[in-house]
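Please look over the structure below.

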Amino acid sequence: MKILFVADVSIASVIGGAERVLCEESTRLAKRGHTVTILTRKLPYHESDSENISGVEEHRYNYQEKFFPLFLKSIMSDCRKAFRSLEERFPFDVINFHQPFSAIGVLSLTSSRRVPCVYTCHSLSFEEYISRTSSPGNLIQWILHYLQVSARKSIERTVLKKSDQIVYTRKKLQRTYGLAPSKASVIPGGVDLERFKPSAEKAQIRARIGLPEDKFILFTVRNLVPRMGLENLISAFEIVQNGRRDLLLVIGGEGPLQTSLREQARKCGVEDFVRFAGYIPDEDLPSYYQMADLFILPTSDLEGFGLVTVEALASGLPVLATPVGGTREILTKLGSDYLFNDSTPQSIATGILNSLKGWATDRAFGKHISETCRRVAEQHYSWDNHVNKLENLFYSMLGE
């Protein structure tokens, strides 16, 4: 097959879940012998308009970003121009959209309707925008905010309506936009089982990273933004720590809340027991899972599938998480003990304390849990399984 992925992100730098999904899908399909091309925006760190990445040709178009109407106008013109150029050279068999903005540029060309179109939804665009912007301070800001939200929702609805099939990891999308069941396919995300796996060298890994060998380490890696619930986690850790000196909370990631979270840890009196690791490069991430004793996912809102959850499980690392988004669907495969009752600090603290009093400190049972976590990842969340389902969907749309 000749497959075109149309996205707003790039696989040249895998810095988040959207990039990871696009990278795994495109490169693995290329390794299976398909001709795979990506059309995306030219981002600030890109040095060229095109690049071959692991057998995938990524082509980039220029766009304006500062003013939203100009942003949309530039996408509608520049993305369409880039697509026309590609379409003339490559007779694509199927198009897979990964975000709504580049997608609307391509879909505005009626010629693209000759090709089956799939839309992969990572999250709802308008909800992501709301979660990343501060509350409007005055009437004008409120109006602009409302218009942005409405425009994003309208664009996403249009892309969904014009696509032939929708792929997503959770049922929320179907509820929000009223998709017909026949048009929707649920394909869970995945994990690289070769990269993320248990290690018997925890002490050596901790020494290499610069973490103490004698601590029980709770680990999380998140963008430091409000919806991740990290302020609730620090408040919960204050309750859990309560004078204990054998616990350490390691928080990976960067973002606008970094300063306030550090200050919160100081005011809570736990700054000596909270380590902010900053941005963790993708190549170092497996080691962080392997060195930890417990992974904590304190998300308060808008958790999609949660690649970090299955990465932790594949590493043999137990996960305690809030019952938000797709996390419930993943962790209930392990049982009910791995979900907090809600996202409040007290609930998070109670869940952690219960685990510390029970299975988390039982070495023999801990080994059993680690093996169970790994087995769940192997059985349900390998990227090979994910790509198999996506490839079969493409073939079915071509009548093969």
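## Salt bridges

Arg 374 has a relative accessible area of 14%, so Arg 374 is buried. The model is a predicted one. Arg 374 pairs with Glu 378 in a salt bridge, with 3.0 Å between the closest N and O atoms. Both residues sit in helix α14 (residues 363–380), and because they are 4 residues apart, about one helical turn separates them. Glu 378 has 38% relative accessibility and therefore counts as partly exposed.

How many salt bridges does a search of the whole structure find? The count is 16. Side chains of opposite charge can pair when their charged atoms come close. Three of these pairs are set out here.

| Salt bridge | N to O distance |
|---|---|
| Arg 374 and Glu 378 | 3.0 Å |
| Asp 49 and Lys 42 | 2.9 Å |
| Asp 282 and Arg 195 | 3.6 Å |

The side chains of Asp 282 and Arg 195 meet in a salt bridge at 3.6 Å. This pair links distant parts of the chain, 87 residues apart. Asp 282 is in the loop between β11 (274–278) and α10 (285–291), while Arg 195 is in the loop between β8 (184–186) and α7 (202–209). Asp 282 is partly exposed, at 23% relative accessible area. Arg 195 is also partly exposed, at 26% relative accessibility.

Asp 282 and Arg 195 belong to a network of salt bridges that also links Arg 20, Glu 24, Arg 28, Asp 192 and Asp 384.

Asp 49 and Lys 42 form a salt bridge as well. Asp 49 is partly exposed at 42% relative accessibility. Lys 42 is partly exposed at 24%.

## Helix α1

Helix α1 covers residues 17–31, 15 residues in total. From first C-alpha to last, α1 reaches 21 Å, close to the 21 Å expected at 1.5 Å a residue. Is α1 largely enclosed or largely open? Of its 15 residues, 12 are buried, so α1 is largely enclosed by the rest of the structure. The buried residues include Arg 20, Glu 24 and Arg 28, and these three are members of the salt-bridge network. Val 21, Leu 22, Cys 23 and Leu 29 are also among the buried residues. After α1 comes Gly 33, with a positive phi near 100°.

## Buried strand residues

Thr 40 belongs to strand β2 (residues 35–41). Its relative accessibility is 0%, so Thr 40 counts as buried. The Thr 40 side chain reaches the backbone oxygen of Ala 7 at 3.0 Å. Beyond four places in sequence, Thr 40 touches residues including Asp 8, Val 9, His 59 and Tyr 61.

Val 94 lies in strand β5 (residues 94–97). Val 94 is buried too, at 0% relative accessibility. Among its contacts beyond four places in sequence are Ile 3, Leu 4, Val 115 and Phe 394. Val 94 and Val 9 are 19 Å apart, C-alpha to C-alpha, and 85 residues apart in sequence.

Tyr 395 is in helix α15 (residues 383–397). Tyr 395 is partly exposed at 26% relative accessibility. Which residues does Tyr 395 contact, leaving aside neighbours within four places in sequence? They are Met 1, His 34 and Glu 400. Tyr 395 and Met 1 are 394 residues apart in sequence, yet 8.5 Å apart in space, C-alpha to C-alpha.

Trp 142 is in helix α5 (residues 139–162). Trp 142 is partly exposed at 47% relative accessibility.

Methods:
Residues are numbered from 1 along each chain as its sequence is written. This is a predicted model: local features need pLDDT of at least 70, side-chain atom pairs count only at pLDDT 80 or more; totals for chains, interfaces and linings use all residues. Side-chain values use heavy atoms; hydrogens and water are left out. Helices (H or I, at least four residues) and strands (E, at least two) are DSSP runs, numbered from the N terminus. Buried means under 20% relative accessible area, exposed over 50%, partly exposed in between (1.4 Å probe, protein chains only). A polar contact is a pair of N or O atoms within 3.5 Å; within protein, one must be able to donate a hydrogen and the other to accept it, and residues adjacent in sequence count only if both atoms are side-chain atoms. Contact means heavy atoms within 4.5 Å. The expected span of a helix is 1.5 Å times one less than its number of residues. A salt bridge is a side-chain nitrogen of Lys or Arg within 4 Å of a carboxyl oxygen of Asp or Glu.
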